Amino acid sequence: MSQKEIAGVTIDFDESGYLSKFEDWSKEIATALAKENGIDELTLKHWEVIEYIQKEVQNGAALSIRKIGKSGVVDIKEFYNLFPDGPLKKATLISGVPKPSGCV
Amino acid sequence: MAESKEKIKKVSVICAKGSLEDVYAALVMTNGARMEGIEANIFFTFFGLDAITKKKMNKLHTATVGNPAMAMPGGLPFPTILGVLPGVEAGVSAMMRKGMDDLDIPPVEEFLDMINAAGGKIYGCKLAVDMFKLKREDMYDDMDSIITIGEFYEKAAGGQIIFT
């Protein structure tokens, strides 16, 4: 675990660089994390995906790209375009939820 | 040994066998690469072509004979003689497919769709396509192209090659 200052606040990150506590998450932190990961601006569609991911994780669901592709929020191609170079890893990081552990 | 900081940038997976487990190994590695932001190609050759042949792709089997890792559910040994009985291989294969579906692992065709949507490139081997007398329309619609081994090496240039 390590602490880092982001968007003006100091918060805890786990060893994978994900937020340790979801309670620390805010839209400002999401925007700053997105910038750090090469996404300059979070569009309406990004926020919809983030909201979906947060809701699923709160309901205890295991996330996968397949599942997000079937969510009705985005299809797989769009998901890769919104969060390039590792969409599931990036989207979960920005959403403030733990790193997903699936292989598919 | 410490993990290297240098990221793998590109992989090209060769799928040369047509059994359920061999095809899935290749699909998981190709899709997994795209999930990590790694450029990925998958090249199907010889019996691996079954995975991109429309009539066969969703009915792949696992071998119940000559497969030393084969076990009964629960782990008891699987007598080889059982494996030759009619319907056993189909039944075992259906069980495997069901087990994978429970783990959110998609059927072969949907897996190819995922790789395609993720920007992974899907190729068939010209030599094997000619040998099995397959036509383009017999094969997966979103396959990028049928290529020679020389073209495969051109596309794989600058990356890692994985043979399954």
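The following legends describe close-up views of a predicted model.

Local features require pLDDT of at least 70 and side-chain atom pairs count only at pLDDT 80 or more, whereas totals for chains, interfaces and linings use all residues. Residues are numbered from 1 along each chain as its sequence is written, chains are lettered from A in the order in which they are written, and side-chain values use heavy atoms, with hydrogens and water left out.

**View 1. The fold of chain A.** Chain A contains five helices and two strands, where helices (H or I, at least four residues) and strands (E, at least two) are DSSP runs numbered from the N terminus. From the N terminus on, the order is β-β-α-α-α-α-α. The radius of gyration of chain A, taken over C-alpha atoms, is 13 Å, close to the 13 Å given for 104 residues by the globule rule, so chain A is as compact as a globular protein of that length. That rule is 2.2 Å times the number of residues to the power 0.38. The C-alpha trace spans about 35 × 25 × 20 Å along its principal axes. Of the 104 residues in chain A, 43% are buried (under 20% relative accessible area; exposed means over 50%, and partly exposed in between, with a 1.4 Å probe and protein chains only).

**View 2. A salt bridge between Glu36(B) and Lys89(A).** Side chains of opposite charge can pair when their charged atoms come close. In a salt bridge, a side-chain nitrogen of Lys or Arg lies within 4 Å of a carboxyl oxygen of Asp or Glu. Glu36(B) and Lys89(A) meet in this way at 2.6 Å, N to O. Glu36(B) lies in the loop between helix 1 (20–35) and strand 2 (39–44) of chain B and Lys89(A) in helix 5 (residues 87–95) of chain A, so the pair joins two chains. Glu36(B) is partly exposed, at 32% relative accessible area, and Lys89(A) is also partly exposed, at 31%.

**View 3. A salt bridge between Asp141(B) and Lys54(B).** The side chains of Asp141(B) and Lys54(B) form a salt bridge of 2.9 Å, N to O. Asp141(B) lies in the loop between helix 5 (126–131) and strand 4 (145–147) of chain B, and Lys54(B) in the loop between strand 2 and helix 2 (80–83) of chain B, so the pair ties together parts 87 residues apart in sequence. Asp141(B) is exposed, with a relative accessible area of 53%, while Lys54(B) is partly exposed at 38%.

View 4. Salt bridges link Arg66(A), Lys70(A), Asp101(B), Asp104(B) and Glu110(B) in a network. Over all chains, the count comes to 14 salt bridges.
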